[in-house]
Amino acid sequence: MIDFSRVQKELQECSRDIESSGIRVTPKSENLSRLTGTIPGPMGTPYEGGTFQIDISLPDGYPFEPPKMQFTTKVWHPNISSQSGAICLDILKDQWSPALTLKTALLSIQALLSAPQPDDPQDAVVAQQYLKDYQTFVATARYWTENFAKTSSLGVEEKVQKLVEMGFLEAIVRSALDAVGGDENLALEKLLSG
């Protein structure tokens, strides 16, 4: 069984220092087994300025089993699938320890953005580009960050109007934007998925 009292403590820990870390974890479901993690792109990387959403699913054995995490924001990185968002990181697999928390896992993912491991890739195409044409890799990663991880400079009302013009009901659009922190691209994905 998931230790929900521990999950509550972890959520409180994350919310205490959102300002300094930029890392946020919010529940997706009332039973706390489905969460959304948000990490800022690390400074000095092609991901700088982006805000990345990560889907978190807690298995029944949590905290003795690792959480299942995958990016919902598209990201160009050797250790993250550009198709599915799957993450290749040892602490999310065999190196997990119950001493680790959701926050430490998200910090490790953020560190992975800073220090790709192209010799142990999740996405072979990205890893090849990283090793053979680093400048193109950086340009592509920046492009993906600009297009998928940066919230539009449009104000809330402009975003609502834009999505309503696509045929969605205003109340549903506002709810979707609220659920994804105002990110227009993620709101559109949410609206399209259901």
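Q: Which residue is the bridge partner of I39 in β3?
A: In β3, F52 is paired by a bridge with I39. Strands are DSSP runs of E with at least two residues, and helices are runs of H or I with at least four, both numbered from the N terminus. This is a predicted model, in which local features need pLDDT of at least 70 and side-chain atom pairs count only at pLDDT 80 or more, while totals for chains, interfaces and linings use all residues. Residues are numbered from 1 along each chain as its sequence is written, and side-chain values use heavy atoms, with hydrogens and water left out.

Q: How many bridges join β2 to β3?
A: Seven, and the two strands run antiparallel. Strands pair here if DSSP finds at least two bridges between them.

Q: What order do the strands take in the sheet?
A: The order is β1-β2-β3-β4, in an open sheet of four strands with antiparallel pairing. β1 and β4 (68–71) are at the edges with a single partner strand each, so one side of each has no neighbour in the sheet.

Q: And what about β1 and β2, how many bridges there?
A: Four bridges, again in the antiparallel sense. T26 is opposite T36 in β2. The two strands make a hairpin, with six residues between them.

Q: What is there to note about phi at L32?
A: L32 is not a glycine, yet its phi is positive, about 65°. L32 sits in the loop between β1 and β2. For background, most residues other than glycine have a negative phi, and most peptide bonds are trans.

Q: Is the peptide bond from Y62 to P63 cis or trans?
A: That bond is cis, with omega near 15°. P63 belongs to the loop between β3 and β4.

Q: Changing topic, how is the protein divided?
A: Into domain 1 (4–149) and domain 2 (154–193), with bounds from an automatic or database domain assignment. Their C-alpha centres are 24 Å apart. Each domain puts five residues into the contact between them, where contact means heavy atoms within 4.5 Å.

Q: How much space lies in the largest pocket?
A: About 560 Å³. Among the 23 residues lining this pocket, T36, Q53, A179, V180 and L186 are the closest to its centre. A pocket is an open set of points on a 1 Å grid over the protein atoms alone where a 1.4 Å probe fits, with protein on both sides within 12 Å along at least five of seven lines, and lining residues have an atom within 4 Å of a point. Points are joined across faces, edges and corners, and the volume is the space filled by probe spheres set on them.

Q: Where does the largest pocket lie?
A: It lies between domain 1 and domain 2, because both give residues to its lining.

Q: Which elements each supply at least two residues of that lining?
A: β1 (24–27), β2 (34–40), β3 (51–57), α7 (170–179) and α8 (184–193).

Q: How do the lining residues of the largest pocket divide into nonpolar, polar and charged?
A: Seven are nonpolar, nine polar and seven charged. Ala, Val, Leu, Ile, Met, Phe, Trp, Tyr, Cys and Pro count as nonpolar, Asp, Glu, Lys and Arg as charged, and the others, Gly among them, as polar.
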